[in-house]
Amino acid sequence: MVAVAPRIRFSDIVKEYLFNSTIHGVKFIADDSYHVAERIFWIICVIVSWFGSALLIDASLEAFRTNAISFVVETNYRDWDTKFPAIVVCEMRNMERIQMVADELWGEDHDFALEEVLNEIGYFRGESYHTVNECHGDEPAENCFFSNFSHYARLVRSSCEDTLAECYWNDEPFDCCKYFIPMETELGLCYAVNSIQTGVKNPPRLNMISNKYTGPGKLKVQVLTESYIYTLGEEDVPNLITPKSDVLLVDYYIAYKRQISIKDIENDSETTQVSVDQRKCRFPEENILNVHDYYSYSACSVQCRKDKQLAICNCTSHLMPNMGEFPEEEKQRRNFITILSPDPSLKCNITGLVCLNTHYEELTIVIPKWSTGKKGVVCDCLPSCTEVDISVVHDWRESIYHNPENRFSTIEIGLSALPTERYKRNVVRGRLDLVVSIGGTTGLFVGASLLSFVEILYYFTIRPYGTVLMRNRETLPPLPQN
């Protein structure tokens, strides 16, 4: 008759674990040699210790979720390299070019109201009063165009060579159109230096660094058209709601000089390991947008308007970037980062343009999400983790009218002084800090380590099977002898 090994009861497994566990206090609970009052005392002590440990671990987790980042102000400015901000030139209007394009399209004897239509299409800012009056309705004007507005906008906008001349960095000349790269924005085609938002792979970059060896940097440009000059961070883009303090309105025969101050944000090397929700900002590479290649608050606001335009009018402005407005061969020639297939169905025709004009305020004004009773775009965008604080120190201008044939303006933008302060984003509670905090808490209150929790898995899974195998081996009958 073969002996059968007794089955292991769950209570025996629990008792064996409590006797041998490295977690402090639990072995006294399982020891029958202690009085009941002593065992109850240890039960209370263990429960209180675990409860205290749980409270501290919860506090550590909450601090990790909500207070992982701290800001400080650094003043060791002698060792800094300060990047010059991006300078973006966007043509404001060019009536002479519009007249030339109109003459080429319709001849010299054309309806001059169409020149206003071309002006609105080429420099679209959300409103299109003349276009709606002339080209929409039962009797549109002769030669009106009703779609393909981006084509006419490209005809109207000036080239880089017709926009910029005689560029200097710290009084050293450089080729304007080599470093001012075309940038597609919701305001149309602009030209940007020192920006990462041009959509071009490995563009030529001018070394625009200011430090204690170079002194405060300055950029001087001769502008040949009426333009808006934007002073922005390298990841920012011009848009409809850019603060007026960041924009210079440039007219002919005027010399402009603007002095600015900059405060950068330096990020701890561990900042990228902290989640976006914890640090409450996004790095430019953490892009979730499709209108621009890198994330920034300004680019996110453009995305909000695009989404709102699609929601209301089922189409977008013909100047909206990354909407396939360039032919594919042109994008390949410019070496664009992303080659998009044109999607004409998403760009507004005359009906969509009327819709955009009708809902101008609702599509242009940005309102907070808690605002009620106001029309506008709700745009819950996070700031960029690398955005800079640019302040205007002094603006100065004077007339340079000498010869009416030489129509241009000069722009000089420079640092008033080298920065003496910058912000530093530090990680005060990283993942390693969280692990250390939890480990210290469990070690202090219950004397546990990582292997203490491995023991739980071992005693309730592997150990019972090992015990059964050993008992079965002990109860097997001996092999017969020859």
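**Salt bridges and a nonpolar patch**

Let me begin with R279, which forms a salt bridge with E286, the closest N and O atoms lying 2.8 Å apart. Please keep in mind that this is a predicted model. R279 counts as buried because its relative accessibility is 6%, under the 20% cut-off, whereas E286, with a relative accessible area of 24%, is partly exposed.

A search of the whole structure finds 17 salt bridges, and I would like to go through some of them. The side chains of E412 and K257 meet in a salt bridge, at 4.0 Å from N to O. This pair links distant parts of the chain, since E412 belongs to strand β17 (residues 409–415) and K257 to strand β12 (residues 254–263), 155 residues apart. E412, at 19% relative accessibility, counts as buried, while K257, at 33%, counts as partly exposed.

Another salt bridge joins the side chains of D32 and R39, with 3.6 Å from N to O. Here D32 is exposed, its relative accessible area being 51%, and R39 is partly exposed, with a relative accessible area of 24%. Beyond these pairs, E74, E266, R422 and K424 are linked in a network of salt bridges.

Which residues make the nonpolar surface patch of about 450 Å²? They are F10, W50, F453, I456 and F460, and helix α15 (residues 450–475) contributes the largest share, three residues. W50, for its part, is placed in helix α3 (residues 36–66), and at 32% relative accessibility W50 counts as partly exposed.

Terms used:
Residues are numbered from 1 along each chain as its sequence is written. This is a predicted model: local features need pLDDT of at least 70, side-chain atom pairs count only at pLDDT 80 or more; totals for chains, interfaces and linings use all residues. Side-chain values use heavy atoms; hydrogens and water are left out. Patches are made of residues with over 30% relative accessible area and no salt bridge: like charges are joined within 9 Å, nonpolar side chains (Val, Leu, Ile, Met, Phe, Trp, Tyr) within 5 Å. Accessible areas come from the Shrake-Rupley method with a 1.4 Å probe; for residues, only the protein chains shown count as cover. Helices (H or I, at least four residues) and strands (E, at least two) are DSSP runs, numbered from the N terminus. Buried means under 20% relative accessible area, exposed over 50%, partly exposed in between (1.4 Å probe, protein chains only).
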